[in-house]
Amino acid sequence: MRNLDWCYRVLELELGASLEEVNQAYKDLAFVWHPDRIPNDNTRLRQKAHEKLKALNQARDQLRSSRADTRPQPQARPQSAQPHSHQPPPRPYYPPPPPPRPQPPDLSGTDLQGANLKEKDLAGRNLSRANLSEANLSDAFLHQINLSGANLWRANLFRANLFQANLSNANLREANLLGADLSGANLSGADLSGARVGFPDRLMVKLTGANLRGTIMPDGRIHD
């Protein structure tokens, strides 16, 4: 049986988080790591997603079970020699609220030129106006990342997960976007001139629901 510390770490929660926080954390992480979101040809990442989802299920179920085991049981009222005496009901125990989660550092404007960030988890981070030119971000998890105005010239974003990322006015010239998931991403005003997005007869980038208003496409035309 996994210990509770492990369960909280898997769900990215502090010790003593409420059941409501446990359920919400599970929903958020299960959505992010669902294997159906991983391309079929990426067997390594799909296997990792299956293992992650299995661990999330185990952690959630164990925390739910531990809360049920520690729920206060109704106590029998003590017999009293005096027929009209009453004992006050036991006061319920409420665990103290967990401490606030530490906020990740603000990386806006950071110089990460040529950095190796392969398979890194930067979800939700603020890297607006950061210099990521020629950086390796292949297979990186960049869900809801803020890259507005960032320099991603010739960056390697092969199979990167950029779901709902903010790439407005970003420089993506000559970037490798093959296999990247840009579903729901904001690409308004971004420059994709010369970016690798597929082959003449096949697009290899997911752009479902992406905002392409004013985007300079790989062939140089401006999307209206």
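Trainee: How much accessible surface does the protein chain have?
Mentor: About 14,000 Å². Of that, 50% belongs to carbon and sulfur atoms. Keep in mind that this is a predicted model.

Trainee: And what share of the residues counts as buried?
Mentor: The chain has 224 residues, and 38% of them count as buried.

Trainee: How many helices and strands are there?
Mentor: The chain has 3 helices and 2 strands.

Trainee: In what order do the elements run?
Mentor: Starting at the N terminus, the order is α-α-α-β-β.

Trainee: New topic: rings. How many aromatic pairs turn up?
Mentor: A search of the whole structure gives 2 aromatic pairs. One of them is made by tryptophan 33 and phenylalanine 141.

Trainee: Why is that pair called stacked?
Mentor: The ring planes of tryptophan 33 and phenylalanine 141 are at 10°, so the pair is stacked. The cut-off for stacked is under 30 degrees. The ring centres are 5.8 Å apart.

Trainee: Is tryptophan 33 buried or exposed?
Mentor: Buried, at 13% relative accessibility. Phenylalanine 141 is buried as well, with 12% relative accessible area. Buried means under 20%.

Trainee: OK, what sits over the ring of tyrosine 26?
Mentor: The charged end of arginine 60. The distance to the ring centre is 4.0 Å.

Trainee: Which helix is arginine 60 in?
Mentor: Helix α3. Arginine 60 is buried, with a relative accessible area of 15%.

Trainee: What else does arginine 60 touch?
Mentor: Leave out residues up to four places away in sequence. Then arginine 60 touches Leu11, Val22, Asn23 and Tyr26. Its side chain also makes a polar contact with the side chain of aspartate 61, at 3.2 Å.

Trainee: Let's move on to salt bridges. Why would two side chains pair up like that?
Mentor: Side chains of opposite charge can pair when their charged atoms come close.

Trainee: How many salt bridges does the search find?
Mentor: The whole structure has 7 salt bridges. One of them joins arginine 159 and aspartate 139, at 3.1 Å from N to O.

Trainee: Where are those two residues?
Mentor: Arginine 159 and aspartate 139 are each in the loop between α3 and β1. They are 20 residues apart, and the pair links distant parts of the chain.

Trainee: How accessible are they?
Mentor: Arginine 159 is partly exposed, at 22% relative accessible area. Aspartate 139 counts as buried, at 8%.

Trainee: Give me another salt bridge.
Mentor: The side chains of arginine 173 and aspartate 191 meet at 3.0 Å, N to O. They lie 18 residues apart, each in the loop between α3 and β1. Arginine 173 is partly exposed, at 36%, whereas aspartate 191 is buried, at 15%.

Trainee: What about arginine 221?
Mentor: Arginine 221 forms a salt bridge with aspartate 219, at 3.2 Å from N to O. Arginine 221 is partly exposed, with 46% relative accessible area. Aspartate 219 is exposed, with 57%.

How values were computed:
Residues are numbered from 1 along each chain as its sequence is written. This is a predicted model: local features need pLDDT of at least 70, side-chain atom pairs count only at pLDDT 80 or more; totals for chains, interfaces and linings use all residues. Side-chain values use heavy atoms; hydrogens and water are left out. Rings of Phe, Tyr and Trp (its six-membered ring) pair if their centres lie within 6.5 Å; planes under 30 degrees apart count as stacked, over 60 as edge-to-face and the rest as tilted. Buried means under 20% relative accessible area, exposed over 50%, partly exposed in between (1.4 Å probe, protein chains only). A charge sits over a ring if NZ of Lys or CZ of Arg is within 6 Å of the ring centre and within 35 degrees of the ring normal. A salt bridge is a side-chain nitrogen of Lys or Arg within 4 Å of a carboxyl oxygen of Asp or Glu. Helices (H or I, at least four residues) and strands (E, at least two) are DSSP runs, numbered from the N terminus. A polar contact is a pair of N or O atoms within 3.5 Å; within protein, one must be able to donate a hydrogen and the other to accept it, and residues adjacent in sequence count only if both atoms are side-chain atoms. Contact means heavy atoms within 4.5 Å. Accessible areas come from the Shrake-Rupley method with a 1.4 Å probe; for residues, only the protein chains shown count as cover.
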